[in-house]
Amino acid sequence: MTTPFVYEAPRGIGIAGLEAAVLDAFHQLRDAVANGRAAIVIVRDRDLLGHGDPADAALANGLLGLVRAFATEGLREHWVVNMLAIEEGAEDAARRGWVERLSDPQGVVGALVRVGPLHLGRVPV
Amino acid sequence: MTAAAIITGGAGALGQSIASRLGGDLEALLLVDVDQQTLAPVADSIGADHVAVDLASDQAPDILSAALDERGWIPRVLVNNAGVNRDARISRMSDEDFATVVRVDLLAPARLALALGPRMPDGGSIVNVASRAAFGNFGQANYVAAKAGLIGLTRSLAIQWAPRVRVNAIAPGLVDTPMTAGMPENVLSRLIDRVPAGRMAQPDEIAEAVAFLASRAASYVTGQVLVACGGRSIAP
């Protein structure tokens with residue numbers, strides 16, 4: 001198994017930085033899958049829920065869309081693209097463990113794993 | 001001050017239906033689209049005013065704010081309906097096509113909402129027209145990312161502006177418009193086969209859902225996505 005590619009969503013980009021950020025993520029994910037690497041996108045769960053800056057929320061959810069689009073389109077080529085929503089300050093071991101699980105070529109695709117309790121009692125995303 | 005609804009993409013089939021439906025609920029309608037020649041007759045036909053502007057330009061929010069001021073109108077409803085698509089497989093998608101869709105379908109509604117939301121009165125309502133495709137679609141990575149981003153924006157603004165202004169999204173599936181009519185018949189037929197309702201939506205059906213979210217009937221609904229896809233998003 002090759003080293004997975006990990007894309008961590010930038011924060012504080014503002015609306016003006018949104019286009020460049022989404023396009024950059026698209027390039028990096030496309031390069032990763034073209035090179036046979038699993039790609040894991042990391043965002044904060046609170047940004048998925050919209051608990052903060054509008055641009056951060058738009059980017060986190062846009063990246064989730066991108067993950068699902070790559071997963072849909074890459075089914076035949078067995079692209080492994082998933083998302084991990086985890087809060088800043090989470091233990092490195094937890095992050096590494098989830099990245100490893102989500103990179104398994106025999107595992108899930110287009111999946112979102114939300115680490116932490118923030119999603120409980122809230123809408124699915 | 002006159003309470004107005006601003007509807008972007010007003011010259012298109014869905015924009016026209018939304019405007020016609022909202023016309024009975026509000027004192028004034030302002031249709032917005034990029035092409036003056038197609039927009040003006042549509043606006044005239046439903047007794048609306050109009051402004052032709054490229055929503056992808058940085059100046060668009062200021063132009064529309066000034067247009068409201070000139071008329072003495074206050075924005076009570078904003079429907080961010082304008083959108084484009086530039087479909088291609090991921091491996092073949094150009095940067096220009098990717099960026100254009102993100103700019104029009106995500107940045108433009110974001111900028112407009114941020115410009116007009118603070119000017120809305122208590123009870124103001126924003127409806128963002130997203131798409132069922134936001135949950136994932138083949139050959140539309142740009143569109144999927146933009147519409148999913150629009151849903152994220154909807155949640156964040158709903159929290160920021162509650163309780164004064166409600167912000168919701170609608171996620172239509174296939175809608176019977178000139179855009180879908182231009183698809184190859186066999187492709188369209190396969191897509192319709194996946195819809196439990198067995199057909200595309202008519203624009204006025206989506207307009208009804210938009211009108212509900214915009215109205216006081218939805219006064220306790222904010223930050224939500226109404227998926228109007230004929231059941232496609234739950235189909236096997």
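Predicted model: local features only at pLDDT ≥ 70, side-chain atom pairs only at ≥ 80, totals over all residues.
Chain B has an open sheet of 7 strands, paired in parallel and running in the order β3-β2-β1-β4-β5-β6-β7. At the edges sit β3 (49–52) and β7 of chain B, each of which pairs on one side only. Going from one strand to the next, the twist averages 25°.

Two of the pairings can be looked at more closely. Strand β2 (residues 28–33) of chain B and β3(B) are joined in the parallel sense over 4 bridges, and here Leu30(B) stands opposite Asp49(B) in β3(B). Strand β4 (residues 73–80) of chain B pairs with β5(B), again in the parallel sense and over 4 bridges. In that pairing, Val77(B) stands opposite Ser125(B) in β5(B).

## A buried strand and an edge residue

Strand β5 (residues 124–129) of chain B is largely enclosed by the rest of the structure, because 6 of its 6 residues are buried. Gly124(B), Ile126(B) and Asn128(B) point one way from β5(B), while Ser125(B), Val127(B) and Val129(B) point the other way, and all are buried.

Leu226(B) counts as partly exposed, because it has 18 C-beta neighbours inside 10 Å, and 20 or more would be needed to call a residue buried. Leaving aside residues up to four places away in sequence, Leu226(B) touches Asn168(B), Ile170(B), Ala171(B), Ala209(B) and Leu213(B). Take Ala209(B) from that list: it is 17 residues from Leu226(B) in sequence, and the two are 7.9 Å apart in space, C-alpha to C-alpha.

Helix α3 (residues 60–71) of chain B and helix α4 (residues 95–116) of chain B pack at an angle of about 40°, with their axes 9 Å apart. That angle makes α3(B) oblique to α4(B), and the crossing is right-handed. On the α3(B) side the contact is made by Ala60(B), Pro61(B), Leu64(B) and Ser65(B), and on the α4(B) side by Ala108(B), Arg111(B), Leu112(B) and Ala115(B). By class, that gives 6 nonpolar, 1 polar and 1 charged.

## Where chain A meets chain B

What about the other chain? Here 29 residues of chain A are in contact with 35 residues of chain B. On the side of chain A that touches chain B, α1 (18–34) and α3 (54–73) of chain A are the elements that give two or more residues. α3(A) gives the most, with 16 residues. That side of chain A divides into 16 nonpolar, 8 polar and 5 charged residues.

α1(A) contributes Leu18(A), Glu19(A), Val22(A), Leu23(A) and Phe26(A) to the contact, and the residues from α4(B) include Phe98(B), Val102(B) and Arg103(B). This contact has 9 nonpolar, no polar and 3 charged residues.

Methods
Residues numbered from 1 in each chain as written. Chains lettered and ligands numbered in written order. Contact = placed C-beta atoms within 7 Å. Nonpolar A, V, L, I, M, F, W, Y, C, P; charged D, E, K, R; others polar. Axes fitted to C-alpha atoms, helices over the stretch in contact; angles between N-to-C directions. Parallel < 35°, antiparallel > 145°, perpendicular 65-115°, else oblique. Left-handed = near helix turned anticlockwise from the far one by under 90°. Buried ≥ 20, exposed ≤ 12 C-beta atoms within 10 Å, placed from the backbone. Pairing = 2+ DSSP bridges.
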